[in-house]
Amino acid sequence: MKAIRKLRHESGTDFVTDAPEPGRPGVGQIKVRVAAASVCGSDVSVARYTPAGQSFKLDLPVTMGHEGAGIVVDVGEGVTTFTIGDHVALESHIACFECYQCGMGNAHICERMRLLGLHVDGLFAEFCTVPARAAYKLPDSIPLEHAALLEPSGVALHAIQATGEPLLGQRVLVTGAGPVGLFIAELAMLAGAARVVVVEPNEWRREFAESRGAVAVPPTSEAGRLRAHSGRSGFDVAFEASGHPSSFPAAVEAIRGGGTYVSVGFGDAPLVIDAGEYLNRRGIRMIGSFGRLLWSTWNTLVSLVEEGRLDLAAFITHRLPLSEFDQALWLLSGDACKVLLIPSAD
Ligand SMILES: [Zn+2]
Ligand SMILES: [Zn+2]
């Protein structure tokens, strides 16, 4: 079968047409025919093997791809929750559901967590075998191409859930208008934020953010200039979704005293913070989020999509066959939002 494989701990990936199709699923597993898989910024890091890509500690060789949806074509022994023909979206955080963290309701940071497409064969392929516990059964009303975007939009929803605060009437800053940043902006507006300002260097992405109703501005190194875009003495909440080192100081500086900083993007290097100034004197609360809550993030997101409140289709800008993976990576660092790979396409 066709697949995008990461074979070596170095820059590069391989498109192959002779990857062995997974056989019958094992105990507790399901086999899925992948209908659509979406390319993520982290796939660019992994393909190019940047420090951020290396930080995922890949288990090679591996078939890449961790955002996607498909149809169940076979179920292994002991699987009672899925039957052949079910439509599913895949959770990329494969939890054990047995460790202490899983028991605490933190399956997304399971102590024995493996990540789809990084540690186990993922979704940039015609078929994939995954634990049934890593699949989410979809309602018929959600097309599979749209469902491929539930994983990344779930990252955005979880980041908002992690603040523990309602965004109604809040002034929200989002640094980085990649897909996750754009989803955060969209969901913040849905949640009733009074103003959503997106910082992004790429003009096409700024226009995209504005077409969705946000205010979009280019990055600035001038302290205070970004804060002025809040229209008050600072933003109530800032979401850092770019991973770029310059975004962190700019975002923290733009938050009002007592506001909240949420780390979502993955950078290539550790960040340094003046704790006395920002945490003590200004009382800024710093939190981070990773993955999605199982399964509350998924349930909430699917409700929003089912009821027509969140239009995932609006974020799909390109559809490509697996053979054009390199083109997808190139698009992702330029004028694009979500790029889908369609394994059945030539
Ligand atoms: Zn991703
Ligand atoms: Zn666990």
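Modeller: Covering the buried residues of helix 11 are, among others, strand 10 (135-137), helix 4 (144-147) and helix 5 (150-163). Helices (H or I, at least four residues) and strands (E, at least two) are DSSP runs, numbered from the N terminus. Contact means that C-beta atoms, placed from the backbone, lie within 7 Å. This is a predicted model: local features need pLDDT of at least 70, side-chain atom pairs count only at pLDDT 80 or more, and totals for chains, interfaces and linings use all residues. Residues are numbered from 1 along each chain as its sequence is written, while chains are lettered from A and ligands numbered from 1 in the order in which they are written.

Biologist: Which residues of helix 11 are buried?

Modeller: A residue is buried if 20 or more other C-beta atoms lie within 10 Å of its own, exposed if 12 or fewer, and partly exposed in between. In helix 11 (residues 296-306), the buried ones are Thr297, Trp298, Leu301, Val302 and Val305.

Biologist: Why do the buried residues line one face of helix 11?

Modeller: Look down the axis of helix 11 and take the directions from the axis to the C-beta atoms. The face turned away from the buried side carries the exposed Asn299 and Ser303.

Biologist: At what angle do helix 5 and helix 6 pack?

Modeller: Axes are lines fitted to C-alpha atoms, over the stretch in contact for helices, and angles run from 0 to 180 degrees between N-to-C directions. The axes of helix 5 and helix 6 (residues 179-190) lie 8 Å apart, and the angle is about 55°.

Biologist: What kind of arrangement does that make for helix 5 and helix 6?

Modeller: Under 35 degrees counts as roughly parallel, over 145 as roughly antiparallel, 65 to 115 as roughly perpendicular and the rest as oblique. So helix 5 is oblique to helix 6.

Biologist: Where does proline 61 lie?

Modeller: The peptide bond from leucine 60 to proline 61 is cis, with omega near 0°. Most peptide bonds are trans. Proline 61 lies in the loop between helix 2 and strand 4 (62-63).

Biologist: Is lysine 57 buried or exposed?

Modeller: Lysine 57 sits in the loop between helix 2 and strand 4. Its phi is positive, near 50°, and lysine 57 is not glycine. Lysine 57 has 8 C-beta neighbours inside 10 Å, so it counts as exposed.

Key: Contact = placed C-beta atoms within 7 Å.
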